[in-house]
Amino acid sequence: MKQRHWREECGVIGIWNSPDAARLAYLGLYAMQHRGQESAGIVSLHQGKHITHKGLGLVGEVFQDADLERLTGRTAIGHVRYSTTGENLISNAQPLTATLFNGPVAVAHNGNIVNSEVLRQELKRQGSIFHATSDTEIILHLISKNPSDDLLVSLKESLHRLEGAFSLMVLSKDIMVAARDPLGFRPLVLGRKENEDGSWARVVASESCAFDLIGAEYDREVKPGEIFWVDASGEHSELYAESPRTAHCIFEHIYFARPDSVVFGESVYGTRKAFGRQLAKENPVEADVVIPVPDSGVAAALGYSMESGIPFELGIIRNHYVGRTFIQPQQSIRDFGVKIKLNPQSAVLKDKRVIVIDDSLVRGTTSRKIINLIRQAGAREVHLKIAAPPTTGPCHYGVDTPQKAQLIAAQQSIEQIRSYVGADSLSYLSIEGLFKAINRGHNEFCAACFDGKYPTPLFGHEAGA
Ligand code: AMP
């Protein structure tokens, strides 16, 4: 069977019972823009009908004031999406909407379904017609194949068919549902916000940083295997599936989530600093300064500096305004690509022994360019330290990690990588150190990108793919 590789990084939001539902969803998506930059969308619920606005681009580009005005109603769900290997099509923009037997249904999904191709073929054979190429449409088709007057019954039946990662928001004509796969790969959190009249809005988001922006309080995670819904009668929750373990994505803590979020019950900023501290314990080296690759290595570099006592400096300055419409110069200027974004400053680096910290090393191309620039800025020694173990496997659960052939640590020894990136030394955090730092058990997490232990069957997406 031909396998596609959708690696979708996404963020979802849901707002129930707020006079500003669509505007709060918009702000929540804004706070979660890092989870997806290719498309954004909101579906609101007004008098049993759905109103949809979605488009390609950043949240701020997709929504104008008039669009938010049009998204009336006290309930809304929203989505931001990024996909490298999937086409960047408007038909893939979410929430996906359909009119089913019992009225309108909208789905916003974060995560990858690993048995999507098996399900898609089965559904096609039964006559389903697909418009989009993302996994999410499968969920809508499964719901439509399980007709029941009660959406919850149809949805639960459907969720049992899915293998892999899903944190979902579903909106019907009268219910808002949040659901998470039984292993809890991707985050999903519940919060609440007081309305001006003293009533409460229920909010759900991929990351708690969305709550901070809209002034909501964090309550708890949606549990792995939990289905949580709100309707006119109030709030309800049920564990529709149980699992003896969880498989929270460790990469959310390493790179993906915002540092000001609480993910899987832990502050991301706190864990990143702890990874840096552990890195310093495992890999000490004499040096004059510790510098981060901004912004991804900042928290880990702070931790490294605190643990080692070596001063933290901002040796590389990042230009935050590099947009997607940047015009490449005609003449090739050496290292231009990375320099427009990251500029090492000799005031910090000249004649220094430098430890440079990044959160992860994937293909090695970023590190190679950065180390070259650090040397041009006059550094005497450059020691590259990575606040994660070597990335040796692709992700099948919703992080855009490339295939094995492009993962340098799957192909080369640490010494070969050191030589390729041009560092005086290279070290990584150990897998044991990673879990020691986060102070939680290894089997609570999926670390397949580091240890090759995929917690679900892969349905043909084998580890080398
Ligand atoms: P590379 O040049 O391929 O080694 O990329 C490493 C850099 O990419 C690091 O600075 C990481 O912070 C960043 N990175 C790691 N994973 C991802 C991802 N899934 N999406 C975007 N950037 C990433």
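A residue is called buried when its relative accessible area is under 20%, exposed when that area is over 50%, and partly exposed in between. This tour applies these words to a predicted model.

**First stop: Val153**

Select Val153, which is found in helix H6, residues 151-159. Its relative accessible area is 38%, and therefore Val153 is partly exposed. Val153 and Gly111 are 42 residues apart along the chain, and 22 Å separate their C-alpha atoms.

**Second stop: His109**

Is His109 buried or exposed? Its relative accessibility is 2%, so His109 counts as buried.

Display the side chain of His109 and look for its polar partners. One of its polar atoms lies 3.1 Å from the backbone oxygen of Gly111. The backbone oxygen of Ala165 is 3.4 Å from a polar atom of the His109 side chain. Next, show the surroundings of His109. With neighbours within four places in sequence left aside, its contacts include Cys10, Val12, His79, Gln94, Asp135 and Thr136. Ile139, Phe166, Ser167 and Leu168 are also among the residues in contact with His109.

Colour the chain by domain. The domain assignment gives domain 1 as residues 11-244 and domain 2 as residues 259-451. Taken over C-alpha atoms, the centres of domain 1 and domain 2 are 33 Å apart. Where they meet, 23 residues of domain 1 are in contact with 13 residues of domain 2.

Select Ile250, Ile291, Ile374, Leu384, Tyr397 and Phe450. These residues have the most contacts inside the largest nonpolar core, which has 70 residues. Helix H16, residues 431-438, provides the largest share of this core, with 5 residues. Why does the core lie between domain 1 and domain 2? Both domains give residues to this core, so it lies between them.

Centre the view on Ile291. Apart from neighbours within four places in sequence, Ile291 is in contact with residues including Ala301, Glu313, Gly315, Ile316, Val348 and Leu349. Val354, Ile355, Val356, Ile357 and Ile374 are also in contact with Ile291.

From Ile291, move to its contact Ala301. Ala301 belongs to helix H10, residues 298-308, and is buried there, as are Ala299, Ala300, Gly303, Tyr304 and Ser305.

**Last stop: the ligand**

Finally, select the ligand and the residues around it. How many residues surround the ligand? There are 15, and the closest are Asp358, Asp359, Arg363, Gly364 and Thr366. Helix H8 (250-256) and helix H13 (365-376) each supply at least two residues of this shell.

At Thr366, an N or O atom of the side chain is 2.4 Å from an oxygen atom of the ligand. At Thr365, the corresponding distance from a side-chain N or O atom to a ligand oxygen is 3.0 Å. At Asp400, a backbone N or O atom lies 3.2 Å from a nitrogen atom of the ligand. On its own the ligand has 510 Å² of accessible area, and the protein covers 82% of it.

How values were computed: Residues are numbered from 1 along each chain as its sequence is written. This is a predicted model: local features need pLDDT of at least 70, side-chain atom pairs count only at pLDDT 80 or more; totals for chains, interfaces and linings use all residues. Side-chain values use heavy atoms; hydrogens and water are left out. A nonpolar core is a set of buried Ala, Val, Leu, Ile, Met, Phe, Trp, Tyr and Cys residues joined through side-chain atoms within 4.5 Å. Buried means under 20% relative accessible area, exposed over 50%, partly exposed in between (1.4 Å probe, protein chains only). Helices (H or I, at least four residues) and strands (E, at least two) are DSSP runs, numbered from the N terminus. Domain bounds come from an automatic or database domain assignment. Contact means heavy atoms within 4.5 Å. A residue is near a molecule or strand if one of its heavy atoms lies within 4 Å of it. A polar contact is a pair of N or O atoms within 3.5 Å; within protein, one must be able to donate a hydrogen and the other to accept it, and residues adjacent in sequence count only if both atoms are side-chain atoms. Accessible areas come from the Shrake-Rupley method with a 1.4 Å probe; for residues, only the protein chains shown count as cover.
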